[in-house]
Amino acid sequence: MDTTQLLKGVLDVAVLAVVADEDGYGYDVVRRLRAAGLEEVGEASVYGTLRRLYSSGALTTYVVPSDEGPHRKYYGINAEGRAMLEAQRKDWHSFSTTLTTLLEPEGDLR
Amino acid sequence: MNATVLLDHVTAYAAAVRSHLGDLPPEQVDDLTDGLEADLAEALEDPLGPVATGEVPPRTVAGVTGHPQAASLMDLTLRFGPAAEYARELRTAAGIPPAVPGAAPVVGRAARVVARGGRLVGAVRRAARRATEPLRSSPFWQAVAGFVSTLRPVWWMVRGWVVFTLLLGGLMMASVSSATQRFVPEDVLGWVLLVVVVLGSVQAGRSAVRDGEWVRPALAFFNIIALVALPLALSQSRTMLEQRLGSSYPVYVETQVPVQMPPEDGVRVDGQLVSNLFVYDAQGNPLEDVQIFDDRGRQVRTTYDEGWSQWFLPGVDEPWSFAGVQDADGRTRWNVYPMTGAPFSQWDQDGDGKRVLTAGSALRTPPRPFPQAPALVTGTAGTAGGGEGSDAGRTTGGTVTNAALTTGDG
């Protein structure tokens, strides 16, 4: 199965979850997503998602200058973002339960 | 890996990504790509970073990790994919529709035109970028680009000067000022303005280099204005300086000067040109062959045509031409009155080009206005206001005043 297609639908909640743990900048978020197992996540997709979540008011952002290189743009979650994360977490649970049930081989139900 | 080289590549790649977002408003592009360089650089320096779909693992790319000495030739598209792909992924994830003509979220005709222009510029830039990709990655190009970029401060100063001339040109239209002040300041205020404008231009150039993109659109506007105005300002200032400095450059100015035509020679009565004079003595009898001079001894001539012109006489149908009179020294005199002549048709031209009468014709005196003039009361002193004997003309008893009359031989 093309997991990149699956990823598209859940990237928002995944990014929200990562940022909710701790503030992070673009590639930092990518690295944590990949470390968590979403290895096929596209970097530009993550950056774009961060921008979109920020535009929709779920994230805050601030710039941290760097001595030896370009500045980093950090993202942090806010109250609206946490509410969004909570709602999507519930949605995901119900959806994944439904799909797990649906995909369970017949007679193998517990 | 050399951090500076890495950053150069990262900056170039980020610029390429931005160029693929050229259809978006500049603020949105900044918003989308702010911090992109840092993310790209860190992604490159992360040797353990898992590889996303379609991306080539960094360790397989020569020059990125394997051969540091070849780092300056590395191709970031092998790591991140084509910049166009990257930009598309970025904007899709950010919820911005892909670049489709007419799909830009703009309102109003002017905004649409601007957006269309932006897309066009973006497309041109993308095409130019694609076409010049092999050239731009060559060491030669790097050297040339490095050299040119060291010359940028010169352009900043020139740009400042052009803006200064434009400013003064505008001010001059509003007020009265000397023309040369447009190019070279002549007073303290002018110098202050020039220094301020040049410093501003240099500062704008420096901040554009340091911060990247945000000042670019405004600067691009000034750059274009300055580029267009530069040749004009240069040529005009050169002319101006030559006029002021070069005494070896005389400036010829054509002006219209009204020229008074010298009055036509001849004798006029009541504004009308006189063709002949008739002289009568004190008793009113007509005189022949009278020489007339003015008070300076100049001959009084009525004609200057040497006998070639036609003169219309009162009461005579055919026009006449007149002849001069030979004096004792053999000169032809034209101040002998009344002049004799003949009708125009009786004149001809001899082999020497001289005016001659046709055979059978003879010179004669034209008809007099009247055979007899009124007689004068003479011999009484002071009759006409002048002192006795004081006026040469009057002592001879002629009727022409203000001219010396001498009766001729005949």
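An α-helix has 3.6 residues a turn, so residues three or four places apart point the same way. After helix 5 of chain B comes B:G95, with a positive phi near 80°.

This is a predicted model, in which local features need pLDDT of at least 70 and side-chain atom pairs count only at pLDDT 80 or more, while totals for chains, interfaces and linings use all residues. Residues are numbered from 1 along each chain as its sequence is written, and chains are lettered from A in the order in which they are written.

Helix 5 of chain B also packs against helix 3 (residues 43-55) of chain A, at an angle of about 35° and with the axes 7 Å apart; axes are lines fitted to C-alpha atoms over the stretch in contact, and angles run from 0 to 180 degrees between N-to-C directions. The contact (heavy atoms within 4.5 Å) is made by A:E43, A:A44, A:S45, A:Y47, A:G48, A:T49 and A:R52 of helix 3 of chain A, together with B:Y86, B:E89, B:L90 and B:A93 of helix 5 of chain B.

In chain B, which has 410 residues, buried residues make up 33%.

Key
Heavy atoms only, no water. Buried < 20%, exposed > 50% of the residue type's maximum accessible area, 1.4 Å probe, protein only. Helix = DSSP H or I, 4+ residues; strand = E, 2+ residues; numbered from the N terminus.
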